[in-house]
Amino acid sequence: MKTELRALTSIRGIAAWFVVLFHIRLSIAGLPAPAAAVLAKGYLAVDFFFLLSGFVIWMSWSERLRAGGLAAVPEFLKRRIARIWPLHLFMLGFGLLLAFILLATGRDAPHFPLAELPLHVLLLQNWGFTSTLSWNDPAWSISCELAAYLLFPLLVLAIDWRRVPTPAILAAITALLVLLHTVFAMRGETTLGLDIPRLGLIRCVLEFACGTAVAALWMRWRETWRLPTIACNAAALVLLAGWIAGRLPETLAVPAAFAALLLGLALTAGKPGNPLEGRPLHYLGEISYATYLGHFLLWFAFKLAFVDDTHAVGAPLIAAYLVLVLASSAALYHWVERPAQRRVNGLTLRRPRQVQPAGSGSPHG
């Protein structure tokens, strides 16, 4: 049975808004340099999403897949597709509308290449088939998540983290993070947000796998949570401090810090006084997928309607856009995402018909 950790839902909402601010930061008039520097790292929220996704899905599905074997895989994939695909398709439809408006008014639409649309519909756009981000840019991570979902049953059937000694789990997490850093270093990249079409997929898969191992540690330490929480928070602070000071590379320090932070947040979820347990933040987390997937094209349309792209955007218009993002996120969540998810989840997957042996009066023959 799935048990929600409310604090993790809330932090997902905060991370989604960090991505929103990352995408509009260059247009904000008068943004102080320190704030601009912080928002310029908003792409790192996606790395936390990947870790969190692996954590939550391992917690929710590992035992069911292990108990059901290959027969449980179709139901797992159906529910993951129900979670990510309908809203993605809706936003692609909005992108198509924007492309038609641009073309109908005599403007170019280079961000909406029609030849690549089938890849986006199938969520294959970031599997090495494209060279740039297009259509709804944030959906690149959803494309990579789909690959992680397809690999997840194999991971569950290959490794039962519950039976792995704690030192071995820690070693596995370290190995995954070092491998991620090595891949980026071999490509000559020093930050995680560069060359997403080539490196986004491996970034997602390795961090997702790391998140599953972090979930195993949570299962192991949740009853004696105080000392592990202190250790996790201390490790996260040291890693982030080393990165900010330029002593540790982003491609190693940030995912490692996020893994420690995720575990610390999970261990303190549900504890008295945790500010992440409140209803407003929790609701932001519930609608965070709509925020994440909807804000980019909404900003594109907002600029077409209200903003001269050659000038910075003043505070009133920025505030109006942010309110619009919040309102549209709630609307998309309640009117598109959740109804479509329920409808897809309600579909019954047909099982292959069994051929009865001759003379058998029972399907159990």
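Visitor: Which residues does F55 touch, not counting residues up to four places away in sequence?

Guide: This is a predicted model, in which local features need pLDDT of at least 70 and side-chain atom pairs count only at pLDDT 80 or more, while totals for chains, interfaces and linings use all residues. Residues are numbered from 1 along each chain as its sequence is written, and side-chain values use heavy atoms, with hydrogens and water left out. With contact taken as heavy atoms within 4.5 Å, F55 touches L5, L8, G211, T212, V214, A215, W218, L262 and A266.

Visitor: Which residues touch the most other members of the largest nonpolar core?

Guide: In soluble globular proteins, nonpolar side chains tend to be buried together. A nonpolar core is a set of buried Ala, Val, Leu, Ile, Met, Phe, Trp, Tyr and Cys residues joined through side-chain atoms within 4.5 Å, where buried means under 20% relative accessible area (1.4 Å probe, protein chains only). Here the largest such core has 97 residues, and F55 and F152 touch the most other members. Apart from it lies another core, of 12 residues, which includes W17, L298, V313 and Y321.

Visitor: What lines the second largest pocket?

Guide: On a 1 Å grid over the protein atoms alone, a pocket is an open set of points with protein on both sides within 12 Å along at least five of seven lines, a cavity is a set where a 1.4 Å probe fits but cannot get out, and lining residues have an atom within 4 Å of a point. The second largest pocket is lined by 15 residues, with F18, L44, L240, W243 and F258 nearest its centre. Its lining divides into 14 nonpolar residues, no polar and 1 charged, if Ala, Val, Leu, Ile, Met, Phe, Trp, Tyr, Cys and Pro count as nonpolar, Asp, Glu, Lys and Arg as charged, and the others, Gly among them, as polar.

Visitor: How do the residues lining the largest cavity divide?

Guide: That lining has 3 nonpolar, 7 polar and 2 charged residues, and among its members are E116, H120, N126, D137 and W140.

Visitor: Where does L123 lie, and what is its phi?

Guide: Most residues other than glycine have a negative phi. L123, however, has a positive phi near 60° and lies in the loop between α5 (117-121) and α6 (139-158), helices being DSSP runs (H or I, at least four residues) numbered from the N terminus. L123 is buried, with a relative accessible area of 2%. W135, in the loop between α5 and α6, also has a positive phi, of about 55°, and is buried at 1% relative accessible area.

Technical notes:
Buried < 20%, exposed > 50% of the residue type's maximum accessible area, 1.4 Å probe, protein only. Helix = DSSP H or I, 4+ residues; strand = E, 2+ residues; numbered from the N terminus.
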